[in-house]
Amino acid sequence: MEPDTTPDSLAHAPGTARPVPEAEPELVRRWRSGGGELVELLSQVRERFGGVAAFRLGPAPTVLVTDPGAVQHVLARHPDRYVKRSHRARLLIGDGVLAATGAAWKSQRRLLQSQFTGPGMRRYEHRITGAARTTAVRWDGYARTGETFDVGREMRRFALDAIWRSLTGHPLDDGTERELDAVAAVATALPTLPADATDAHDAVAADLARIDTVARHAVEAARGGAAGPDGPGLLHVLTDAAAERPEYTDRLIRDEMVTLLVAGHETTATTLTWLYLLLDRHPAARGQALAGGEGSEQRRHAVQALVHETLRLYPSAWILPRHATEDDTLAGHTVEAGTDLLVCPYLTHRDPELWADPEHFEPRRFTAPDGRPVHPGAYFPFGIGPRACLGLRFALRESTVLLEHLLPVHTLAFSATPAKAVYGITVRPDGPTPATLVRPPA
């Protein structure tokens, strides 16, 4: 499908729009009877009906959006026509910036935005590096002893340390890490919780209480002026804001803190875990990434390409729900007000019309000229437009810094690898990832 470059004045011209093609009920019925993942249904809908297509799981159709022009139309050009509603993680993150909407979202995002731009990121660079060095020392110990460890847990440990240092100024200690296991536990449980809000809360109440206790102690320390060895952190930005902005209650500060914890470590940890699993299947990619030599720009770009290619295959947000607030024309199709849409980076990134050999792990497509599509709606692992992930630069820097510390020194040997992926809030490996460290090939 050609990108939607039609001016709005023409896009809304009467009589030019067509109904969105809709999958027949039999396709949905077969999917239901097979008990498959939602992504399997969405993949079949896209393959048979194109980059803007509808299907019915209830009385009203849901529109799937994978065409890059339509993606840009929904997320970047007209975010006020296609809005977020209640976020799936609201039980965990409350009214944090990820779940907020309208004027509250604009205000909260404006406060945090400066922390994740170029100048703001420099404030956290040494904290990310500190977390990477701690991980590197721990891996040196695994290499000496031959100990088997879980790669996914190691990646969560690193990413949680990096965001905790950035929030509080303190390295992550073992006790806090154990308590914050509750964050991952709730995030993993969210897709399977009861539909009733009270029942859902009761199912994870103990874990939520653990999270609230950690958050309360950290906020009290920040409010008391206690800065860690790395200096004031993001929590101090939030507590300082409360002095002038009454909406920053203790509850909202807690919600923003937990939002940053979730967004700042769960997605990065999952990406890094997938990356190491992909390197296990494609070991030559490691040598290609390191070919440029330590500290070289070539190596830096090659390591970044490893991350980008992993995010292409397993984007941080694999699906982005939106709701149409008014009638619109999308890629030549009529979308009525009240329609729910699912924008799906996972499928766009695997579209053979956009990407050569899309199922193959090939990091060089992000370093070679003309290696990737130029349309901004063809690659968007963190979203695009005003609601794109605030922590994009933070996450990419985390991943790159850790890989610069670990890749030249250690190679993983997995004793077992997950057979499939689980499609929840993130796309994560279905199962543990036990491995040992071996001497890298010369």
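Two strands are said to pair if DSSP finds at least two bridges between them, and the strands themselves (E, at least two residues), like the helices (H or I, at least four residues), are DSSP runs numbered from the N terminus. This is a predicted model, in which local features need pLDDT of at least 70 and side-chain atom pairs count only at pLDDT 80 or more, whereas totals for chains, interfaces and linings use all residues. Residues are numbered from 1 along each chain as its sequence is written, and side-chain values use heavy atoms, with hydrogens and water left out.

Four residues lie between β2 and β3, and the two strands form a hairpin. Because four of the five residues of β2 (residues 52-56) are buried, this strand is largely enclosed by the rest of the structure; buried means under 20% relative accessible area, exposed means over 50%, and partly exposed lies in between (1.4 Å probe, protein chains only).

Another sheet is open and has three strands in the order β5-β13-β10, with antiparallel pairing. Its edges are formed by β5 (149-150) and β10 (411-414), each of which has a single partner strand, so one side of each is left without a neighbour in the sheet. Two bridges join β5 to β13 (residues 434-438), and Asp150 has Pro434 as its bridge partner. Helix α7 (residues 118-145) packs on this sheet and touches β5, β10 and β13, its direction making about 85 degrees with that of β13.

How do two helices pack against each other? Two packed helices are described by the angle between their axes and the distance between the axes. Axes are lines fitted to C-alpha atoms, for helices over the stretch in contact, and angles run from 0 to 180 degrees between N-to-C directions. Helix α8 (residues 151-168) and α13 pack at an angle of about 145 degrees, with their axes 8 Å apart. The residues of α8 that meet α13 include Arg156, Ala159, Leu160 and Ile163, and those on the α13 side include Leu260 and His265, where contact means heavy atoms within 4.5 Å.

His265 lies in helix α13 (residues 250-281) and, at 2% relative accessibility, counts as buried. Leaving aside its neighbours within four places in sequence, His265 is in contact with residues including Arg156, Ala159 and Val183. Val183 is one of the buried residues of helix α9, and the buried residues of α9 pack against α5 (90-93), α8, α11 (205-223) and α13.

Arg372 is partly exposed, with a relative accessible area of 35%, and, apart from neighbours within four places in sequence, is in contact with Trp355, Arg365, Phe366 and Tyr379. Although Arg372 and Ala356 are 16 residues apart in sequence, their C-alpha atoms are 8.5 Å apart in space.
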